[in-house]
Amino acid sequence: MEREERFIQALIRRRYEVSLFDTGAQAAAYLDGAIDGKTVGFGDSETMLSMGLYDRLAAHNQVFDPMHRPEGETFRETARKTLLTDVFLTSLNAMSETGELVNIDGTGNRVAGSLFGHEKVYFVVSLNKLCPTLDEAIYRARNVAAPQNSARHGFSNPCALKGDRCYDCSAKDRICNALIVHYRKMRGIQMEVVLIREELGL
Ligand code: SF4
């Protein structure tokens, strides 16, 4: 069985819904059709930003996104609102071919929103984040995604300055304060993994 198909079957066994698209534009069109008249929360994500998802969904949903917060509203105020919505969307830092999903978070809004409280959670993620094993997925999240995210935010963390790996730092702007492994779909909530073949995100 091909790697991609093996991964999808592993996700289905772990009770996730799965959809697959060649491009981010196709995935955005799908989500735009599937989510209508809802309150929607976003976990900050380069992938979703590059897909223009906020503008599309905000045209016919009430969307809360810390990266598009209203003037005068703090990150914390907007991020709290994302936790009480019908639908929550975020990306992932890495996935294993055996079906585990891995995310690292510094503030916690992204992983908190992915665990509880919504009707449905969507993980919108590019297949370039797929790793052979859970150990390798955790390695990717810590040593590839987190350093790139550190640099994107303009933090002076050692990973961002050296650009090669995680240094398990104690910097005030450390972005790796929790690492979540989703072993299976959470109980009492719908969860869909929206896979994209196009390379997107960090
Ligand atoms: S723990 Fe520190 S050095 Fe390691 S990836 Fe996170 S911010 Fe960078």
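V40 pairs up with V87 of β4 as its bridge partner. That link belongs to a set of three bridges holding β2 (residues 39-42) alongside β4 (residues 87-90), the two running parallel. Strands here are DSSP E runs of at least two residues and helices are H or I runs of at least four, numbered from the N terminus. The model is a predicted one, so local features need pLDDT of at least 70 and side-chain atom pairs count only at pLDDT 80 or more, while totals for chains, interfaces and linings use all residues. Residues are numbered from 1 along each chain as its sequence is written, and side-chain values rest on heavy atoms, with hydrogens and water left out.

Zooming out, the six strands make an open sheet with parallel pairing, in the order β1-β10-β7-β4-β2-β3; a pair needs at least two DSSP bridges. β1 (17-21) and β3 (62-64) are the edge strands, and each has a single partner, so one side of each lacks a neighbour in the sheet. From one strand to the next, the twist averages 20 degrees.

Helix α5 (residues 75-82) packs on this sheet, touching β2, β3 and β4 (contact being heavy atoms within 4.5 Å). Its direction makes about 130 degrees with that of β3, with axes fitted to C-alpha atoms, for helices over the stretch in contact, and angles taken from 0 to 180 degrees between N-to-C directions.

Between α5 and β4 comes a loop that holds T85. T85 is buried at 3% relative accessible area (buried means under 20%, with a 1.4 Å probe and protein chains only). Its side chain reaches the backbone oxygen of V87 at 2.8 Å. Beyond neighbours within four places in sequence, T85 is in contact with T39, V40, G41, F64, G117 and H118.

Methods:
Buried < 20%, exposed > 50% of the residue type's maximum accessible area, 1.4 Å probe, protein only. Polar contact = N/O pair within 3.5 Å; in protein donor to acceptor, adjacent residues only side chain to side chain.
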